[in-house]
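My entries follow in the order I made them.

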Amino acid sequence: MPTIANFLKGISFENVKGTLFNFGFRAGGIFAKFLLVVYISKEMSLEALGLYNIVAVTVAWSVYVIGFEFYAYSLRHIVGESPDVISRHVFNQMAFHITGFSFLLVLSPFLVVLDFVPLVVLHYFILITVFDQMSQECFRILIALERSQFANFIYLIKSGLWVYPLLLLPLVFGIDIHIHLILGAWLAGTVLSFLFGMWKLWTLRLLRFRSVRLDWPWIKQGIVVAFPFLIISVAQITMDFADRYLIDYFLGKTEVGVYSFYYGIASVPTTLITSVLVAQYYPRVINVYKFNRPEAEKRDVIKRFLWQCIGLAIITSVAALALINLLLDYVNRKELLDQISLFYLMLLQVIMFAVQVVVQTILYAKHFDRALLYSALTGAVANVVLNILLIPVLGLYGATVSTIVAMLLILTIRTIVYYTQKKTDHEGI
């Protein structure tokens, strides 16, 4: 068991500056989205917040589907390789994603029919999804190359930097913000993020495609390997976002707005863990298993990963608890004040996530893809069924309980798999 002295050993600005920069970039994006949610809640309406959140969730779904989680295959080939090899993989991955964009154009009208995306904002939805996907792939490649600071910089541009000038419009110019203005600013942020990402890849000599050709066998193999990860991600995002659609169906967009308000704040700790710590440790964990590093090195990397995740989860959760009442006093909406206990319940997910994401990363690095797939599917099915059963009875609390139970189920299954294989190869945290 690591002591506090061991945990603090060797800490200096040089050792932690990468984490601090990543934290700052991600915190800037999260704070921007937080300000936007507060503005919509206070100055517009909870129904408008519900509409914005439904569109945002549909973009997130679409990015996963058209991207096919192909990066789960390609990153294993990129980590530790030469620029020439990486360029070849990047070229073929880009060629693959063009097909995904074609499917988006064909299928997007069905989202209008299903009332997921209003027709008047469909063009925003399509363009945001395309550029968000391309920017996300730049981010992932840079993470694999251990360029996490620049990766988080372009993520900041995409995820929230565009909010700051948007919110200046009513303050400085007296211009009212509406949904079209919000989506237009979001689109501008994704385009700029993509351009910065491509520029960085160019400077790293990873976009030199003169002698590169399409490698259809590599792409086909990637589709086979990535498909289970697509199912895993769709299952995960189903668990994360299906409640929004079901709340909209059973309770309406105003209740979606209430739920989204609290969920957006309660998810800050998990977002920071994912973007700051997972972004740094993801390639490290892959490296120590891919190149069969000494056991002591593996244990050291994983211990630090685990304890930093738990520490960040506790610190950010405590901060959220301390600030939530001040925020509610500022927004001053009775619908939110009446549901404050919903927020406390949501925070139970944070520690579970902090442990689960470490176990998930190890299983991915060790190619335990089936365990990840089956556990994700089990959690997603449980989540949807529980939401359908509990939301009509318990309202928003039913959605939160459903998520907690599903996350606990996934954590239990993956931990059992981890400790089972640990007995076989004598590895562990």
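Entry 1. The model is predicted. I began with Thr129, which is found in helix α6. Next I looked up what Thr129 touches, not counting residues up to four places away in sequence. The list is Val59, Ser62, Val63, Ile66 and Leu104.

Entry 2. I stayed on α6, which spans residues 122-144 and also holds Gln136. Gln136 has a relative accessible area of 14%. The cut-off for buried is under 20%, so Gln136 counts as buried. With neighbours within four places in sequence left aside, Gln136 is in contact with Tyr155 and Lys158.

Entry 3. I turned to helix α8, residues 163-173, and asked which residues there are buried. I noted Val163, Leu166 and Leu167. They sit on the same side of α8, because they cover an arc of only 95° around the axis. An α-helix has 3.6 residues a turn, so residues three or four places apart point the same way. I then checked the face of α8 turned away from the buried side and found the exposed residues Val172 and Phe173 there. Just after α8, I noted a positive phi of about 70° at Gly174.

Entry 4. I looked up how helix α3 (residues 46-67) packs with helix α11 (residues 253-266). Their axes are 7 Å apart, at an angle of about 75°. Angles of 65 to 115 degrees count as roughly perpendicular, so I recorded α3 and α11 as roughly perpendicular to each other. On the α3 side, the residues making the contact are Leu46, Glu47, Leu49, Gly50, Leu51, Asn53 and Ile54. On the α11 side, they are Lys253, Thr254, Val256, Gly257, Val258, Ser260 and Phe261. I sorted the contact of α3 with α11 by class and got 7 nonpolar, 5 polar and 2 charged residues.

Entry 5. Last, I looked at the largest nonpolar core, which has 141 residues. Which of them touch the most other members? I wrote down Leu36, Tyr52, Trp162, Phe261, Tyr262, Ile273 and Phe343. Helix α10 (residues 216-250) gives the largest share of this core, 14 residues. I followed up Phe343 and left aside its neighbours within four places in sequence. Phe343 is in contact with Tyr262, Ile265, Ala266, Ala320, Leu321 and Ile324.

Methods: Residues are numbered from 1 along each chain as its sequence is written. This is a predicted model: local features need pLDDT of at least 70, side-chain atom pairs count only at pLDDT 80 or more; totals for chains, interfaces and linings use all residues. Side-chain values use heavy atoms; hydrogens and water are left out. Helices (H or I, at least four residues) and strands (E, at least two) are DSSP runs, numbered from the N terminus. Buried means under 20% relative accessible area, exposed over 50%, partly exposed in between (1.4 Å probe, protein chains only). Contact means heavy atoms within 4.5 Å. The arc is that of the directions from the helix axis to the C-beta atoms. Axes are lines fitted to C-alpha atoms, for helices over the stretch in contact, and angles run from 0 to 180 degrees between N-to-C directions. Angles under 35 degrees count as roughly parallel, over 145 as roughly antiparallel, 65 to 115 as roughly perpendicular and the rest as oblique. Ala, Val, Leu, Ile, Met, Phe, Trp, Tyr, Cys and Pro count as nonpolar, Asp, Glu, Lys and Arg as charged, and the others, Gly among them, as polar. A nonpolar core is a set of buried Ala, Val, Leu, Ile, Met, Phe, Trp, Tyr and Cys residues joined through side-chain atoms within 4.5 Å.
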